[in-house]
Amino acid sequence: MPQPLEPAAIVRERIGPYLVVACLVTVVYCVTMAPSLTWSHWGSDGGDFITAATTGRVPHPPGFPTYLFLSRASLWLQPSDPARALNYLSALCALGAVLLTVGTVRSRGVSPGASVTAGCSLAFSPWFWSQALITEVYATAALFASLTIFLVQRVEARRLFPWTLVGLGLGLGVSTHLTLIFLMPYVVLGRKVHWPGLMAGLAVGILPYALLPLFGPWPQPWGDLSTIAGWVEYVSARMYWGNAWTLPSGDWPARTLAWATLVTRQFTPLGALLIITGAAWRWSGFRMRLLGGAVAFLMASLYAIGYNSPDSWVYLVPYMALAAVALGDGLQALAVSEGRIGILSRALGLSIPILLLALFWRDTSLSNDHEAIDWLSAALSASPTDAVIVTNQDHHTFALWYATEAVVRRPDLMVVDERLWGYGPYDAFVRQALGGQGDTIGALAATRTLCYVDI
């Protein structure tokens with residue numbers, strides 16, 4: 001009969017890893033977080049998300065409803081600056097994902113020290129870390145991906161309730177970002193799935209998409225969800241279909257090489273070797289489950305590689321937790337070895353998060369990032385009263401939305417993105433806002449001054 005643990009052992013074995021990771025990650029994220037609105041780390045969409053959260057409308061397709069609900073609830077964190085509040089939301093979600101990953105690693109029998117290393121390595125990997133500091137959806141998606149992985153690890157028996165929770169976690173992930181559907185192979189391969197429970201939970205988890213029409217009134221810039229056809233076009237992100245799988249065939253070799261380089265960089269080459277070691281160590285007993293994780297990561301990677309956008313790597317951020325779990329396995333594989341190899345594993349474990357901090361701190365930290373706010377101040381100061389500001393870049397458009405609608409610094413200004421002009425719902429929104437007549441931006445502006453933002 002196993003002996004009960006002493007209080008000191010309970011702290012060391014069960015609570016200690018979480019406390020250590022939580023303290024380290026919280027300090028690093030707070031010190032390196034963006035102070036307000038930022039364009040860094042491909043965070044130009046932040047202005048759109050902040051405006052949606054503060055005004056009650058929907059962001060760009062497909063809506064990210066679970067994130068939208070959380071972002072609206074998080075505004076109390078920093079009422080005076082909604083950008084800061086949503087930056088905090090990203091940091092909290094990233095921390096939650098890291099702690100859930102520590103829990104997953106511990107449930108696989110990995111030692112407390114190796115669990116701390118796996119969690120900190122995930123937290124400080126450059127992709128993951130960068131998204132924890134800005135207003136974006138990917139840290140929240142990582143939270144639900146890590147929750148799903150954690151729940152799957154805990155489910156062994158074919159029972160209704162646990163699999164309903166797995167489905168719910170995955171469904172909430174999909175309603176945060178659609179690409180989390182690629183996690184399905186990890187969930188089902190090599191496991192005795194209770195399919196009715198899994199599908200019931202999944203259905204409930206994606207239900208927030210059905211609630212998006214409540215974010216009226218219409219028209220709004222990104223769509224008209226008052227009709228079923230408008231809802232389908234919006235939720236399916238039809239506006240962005242032209243980017244999916246449209247990378248020119250000649251660019252695939254270079255893009256694939258870049259993917260391999262960047263993926264290896266996330267945990268350092270040493271960490272990549274440990275991930276391979278961990279997978280090999282678990283292979284004989286958990287072959288199909290490992291294949292499920294590999295297929296999930298590969299599917300997300302192929303989508304990211306084929307998506308014709310320079311920032312498509314962000315789709316892989318939620319899947320970094322799978323690699324961190326394998327990293328913990330690799331450290332444990334070395335730790336159970338006798339003699340010098342076991343001692344070496346502890347040194348290797350400590351070195352990975354330290355290396356990540358040393359290598360990427362300068363490029364990742366946004367503590368002194370004021371580019372977006374400085375640009376906004378200059379643009380608002382230079383704009384005459386009641387001007388119509390014409391833009392043609394996301395970061396300019398969304399930053400000005402943030403200034404004119406979220407924090408309401410210049411409510412007299414109207415922002416019109418000429419790239420969106422010609423899209424029916426957007427045209428209706430602009431016409432209603434300007435109250436003019438005509439088929440051009442100039443005609444609608446009437447006597448108001450037109451100001452064009454330089455590219």
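Mentor: Five helices, α7 (138–154), α12 (252–266), α13 (268–282), α14 (287–306) and α15 (320–335), each give at least two residues to the lining of the second largest pocket. Helices here are DSSP runs of H or I with at least four residues, strands are runs of E with at least two, and both are numbered from the N terminus. The model is a predicted one, in which local features need pLDDT of at least 70 and side-chain atom pairs count only at pLDDT 80 or more, while totals for chains, interfaces and linings use all residues. Residues are numbered from 1 along each chain as its sequence is written, and side-chain values use heavy atoms, with hydrogens and water left out.

The second largest pocket holds about 750 Å³. A pocket is an open set of points on a 1 Å grid over the protein atoms alone, where a 1.4 Å probe fits and protein lies on both sides within 12 Å along at least five of seven lines; lining residues have an atom within 4 Å of a point. Its volume is the space filled by probe spheres set on the points, joined across faces, edges and corners. There are 29 lining residues, and I275, A294, L322, A323 and A326 are the ones nearest the centre. By class, this lining has 19 nonpolar, four polar and six charged residues. In that count Ala, Val, Leu, Ile, Met, Phe, Trp, Tyr, Cys and Pro are nonpolar, Asp, Glu, Lys and Arg are charged, and the others, Gly among them, are polar.

Now set the largest pocket beside it. About 980 Å³ of space lies there, and of its 41 lining residues D45, H60, Y240, Y307 and Y315 come closest to the centre. Helix α18 (residues 394–406) provides the largest share of this lining, with three residues. The class count for the largest pocket is 24 nonpolar, 11 polar and six charged residues.

The model also has one cavity of 30 Å³ or more; a cavity is a set of points where the probe fits but cannot get out. The space inside the largest cavity is about 30 Å³.

Buried means under 20% relative accessible area, exposed over 50%, and partly exposed in between (1.4 Å probe, protein chains only). In soluble globular proteins, nonpolar side chains tend to be buried together. With neighbours up to four places away in sequence left out, L212 is in contact (heavy atoms within 4.5 Å) with V58, P62, G63, P65, L68, W218, L225, Y234 and V235.

Next comes helix α19 (residues 424–434), where P425, Y426, D427, F429, V430 and L434 are buried. Their cover includes β1 (388–391), α18, β2 (414–417) and α20 (441–445). After α19 comes G435, with a positive phi near 70°.

Strand β2 also holds D417, which counts as buried because its relative accessibility is 1%. Apart from residues within four places in sequence, D417 touches T391, N392, Q393, T397 and Y426. Its side chain makes polar contacts with the side chains of T397 at 2.7 Å and R419 at 2.6 Å. A polar contact is a pair of N or O atoms within 3.5 Å; within protein, one must be able to donate a hydrogen and the other to accept it, and residues adjacent in sequence count only if both atoms are side-chain atoms.

S365 lies between α16 (340–364) and α17 (371–382) and is buried because its relative accessible area is 18%. The S365 side chain makes a polar contact with that of S367 at 3.3 Å, and, neighbours within four places aside, S365 is in contact with V31 and T32. H194 sits in the loop between α9 (184–188) and α10 (195–205), and its side chain reaches the backbone nitrogen of G197 at 3.0 Å.
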